[in-house]
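Here is a friendly tour of a two-chain model, meant to be read with the structure open beside you. Shall we see how its parts fit together?

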Amino acid sequence: MPVVKEETVAIGSDADVVLVRQRVRRRAQELRFSLVDQTKLVTAASELARNALEHGRGGEMLLQVLEEPPRSGLRLVFVDRGPGISNVELAMKDGYTTGGGLGLGLGGAKRLVNEFAVESAPGAGTRVTVTKWH
Amino acid sequence: MAVNLIHLPRILERHGEALLADWIREQLQSRSRTGAIKEGELREQCAEFLRLFREATTKGGVDMTRPEYGPLRELLANVSASRGAQGFSPSETAKFVFSFKRPLFMRLREELMRDPVALADETWAATELLDELGLYTTEVYQKAREAVIVRQQEEMLELSTPVVKLWDGILALPMIGTLDSNRTQVVMETLLEKIVETGSEVAIIDITGVPTVDTLVAQHLMKTVAAARLMGAECIISGIRPAIAQTIVHLAIDLGTVVTKANLADAFKAALDKLGVAQLPGR
């Protein structure tokens, strides 16, 4: 799957979450995603960036523009250096939260994109990869 | 290695006038923004710097954190502030200090030609000191900028959360921009105060201008609604665009019993109905 463009955004503060949303929105607009798809992807990015910030003590987002004619897509990889998730299945469950939020972020993000993968182990940080195709 | 300056104060004393002339010439030549600063002003600043620099190095050695350097630091802060206000970049501002190196080192060389060790020591000490002073102007410059940004953020926070009265008993809160925790706090406080102040029964929260509604924003909204309800006011959330509506569904956010409307006009109509205000037929 050829990656045409790549950029990295550091996630270290609330302001960076806003930056993540702006970058993702701009790329999605460049790829002519529909308004609904733009909004879905930006919202998923917002959830995952905040997870990386709040549960993962910060990290970064890798943004990749994918070309696979006739379709194109955006892949976002969120990597954090946090304690990791001990039970990914449980964490994906709606309503499960350890941080006082609604507990819908991870599962919600999955429903907002086409492809979704979590790699995590206790102590090894978390890596969430999402892809949205156009 | 910080050496005490032995020769520098003497050189400054003896060649003050010549140094000043050289330095000003140096700055006028290398200046990229010709005419941006008046020669008279520059001369004044340079002369003052030289005078204070001589005093400070005579009494305070090379440690710019000592109280003897107080007046000099103050001068640099003023220079930095006035140049910042005139649109100079931080490096242009720092050059005010750095440009003094060449004339000073030329003098040092002439004076200490016969004593290479002293020349090296003195040059090293002077360059360290001038670097620190130059960086200090940058630091001041940056602090001034940061102060401006903080002030603007605070102003925006207040600007962006107006609560307006639409009707007797109906308030509207048009929200614009990113809803982070700070903003939500301000929004909630202003809304609750306004509800008490006006005795309103309905508050319309319009999120047309909120670009992204994720779980955190939704949670903030629900808390605001719950707080308003405790104060005896019902909330209507309006301005939910189609893309946002679909996103909220995918996120599985339950807005519960909160009344939502597509736009502010519909929300206003619903509020009037709730208050039993008679409306003209056909509207």
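**Briefing: helices, cores and a shared face**

In chain A, α1(A) is followed by A:Arg32, a residue with a positive phi near 60°. Please keep in mind that this is a predicted model.

**Helix α1 of chain A and what follows it**

- Helix α1 of chain A covers residues 14–30, which makes 17 residues, and its first and last C-alpha atoms are 25 Å apart, close to the 24 Å expected at 1.5 Å a residue.
- Which residues of α1(A) are buried? They are A:Asp16, A:Val17, A:Val20, A:Arg21, A:Val24, A:Arg27 and A:Ala28.
- These residues lie on the same side of α1(A) because they cover an arc of only 150° around the axis.
- A:Ala15, A:Gln29 and A:Glu30 are exposed on the other side of α1(A).
- The cover over the buried residues of α1(A) includes β1 (3–11), α2 (35–54), β2 (59–68) and β3 (71–80) of chain A.
- A:Arg32 sits in the loop between α1 and α2 of chain A, and its positive phi of about 60° comes although it is not a glycine.
- Is A:Arg32 buried or exposed? A:Arg32 has 10 other C-beta atoms within 10 Å, so it is exposed.

**Chain A as a whole**

- Chain A is built with 4 helices and 5 strands, and from the N terminus on its elements follow the order β-α-α-β-β-α-α-β-β.
- Of its 134 residues, 39% count as buried.
- Taking contacts in chain A between residues at least 6 apart in sequence, 64% join residues at least 24 apart.
- The average pLDDT of chain A is 91, and 99% of the residues score at least 70.
- Among the elements of chain A, the lowest mean pLDDT, 85, belongs to helix α3 (residues 88–92), and the highest, 95, to strand β5 (residues 126–133).
- A:Pro69 and A:Pro70 are joined by a cis peptide bond with omega about 10°; A:Pro70 is found in the loop between β2 and β3 of chain A.

**Chain B as a whole**

- Chain B has 10 helices and 5 strands, and 31% of its 283 residues count as buried.
- Of the contacts in chain B with a separation of 6 or more, 76% come from residues 24 or more positions apart.
- B:Ala252 is not a glycine, although it has a positive phi of about 60°; its place is in the loop between α9 and β5 (259–261) of chain B.
- B:Ala252 counts as partly exposed because it has 15 C-beta neighbours inside 10 Å.

**Where the chains meet**

- On the two sides, 17 residues of chain B are in contact with 20 residues of chain A.
- The most comes from α9(B), with 7 residues on the side of chain B that touches chain A.
- By class, that side of chain B holds 8 nonpolar, 7 polar and 2 charged residues.

**Helix α8 of chain B**

- The 16 residues of α8(B) should span 22 Å at 1.5 Å a residue, and the end C-alpha atoms are 22 Å apart, which agrees.
- Buried in α8(B) are B:Thr215, B:Leu216, B:Val217, B:Ala218, B:Leu221, B:Thr224, B:Val225 and B:Ala228.
- What do the buried residues of α8(B) pack against? Their partners are α2 and α4 (105–112) of chain A together with α7, β3, β4 and α9 of chain B.
- After α8(B) comes B:Gly232, with a positive phi near 90°.

**Nonpolar cores**

- The largest nonpolar core has 37 residues, and those with the most contacts inside it are B:Leu171, B:Leu173, B:Leu191, B:Ala203, B:Ile204, B:Ile205 and B:Cys235.
- Elements of chain B that each supply at least two residues of this core include β2 (170–176), α7 (181–198), β3 (202–209) and α10 (264–275).
- The helix α8(B) gives the most to this core, with 6 residues.
- Leaving aside neighbours within four places in sequence, B:Ala203 is in contact with B:Leu171, B:Leu173, B:Leu191, B:Ile195, B:Ala228, B:Ala233 and B:Cys235.
- Another core, of 27 residues, lies apart from the largest one, and among its residues are A:Val42, A:Leu74, A:Ala109 and A:Leu112.

Methods:
Residues numbered from 1 in each chain as written. Chains lettered and ligands numbered in written order. Predicted model: local features only at pLDDT ≥ 70, side-chain atom pairs only at ≥ 80, totals over all residues. Contact = placed C-beta atoms within 7 Å. Nonpolar A, V, L, I, M, F, W, Y, C, P; charged D, E, K, R; others polar. Expected span 1.5 Å × (residues − 1). Buried ≥ 20, exposed ≤ 12 C-beta atoms within 10 Å, placed from the backbone. Arc of directions from axis to C-beta. Core = buried A, V, L, I, M, F, W, Y, C linked by C-beta atoms within 7 Å. pLDDT = per-residue confidence, 0-100.
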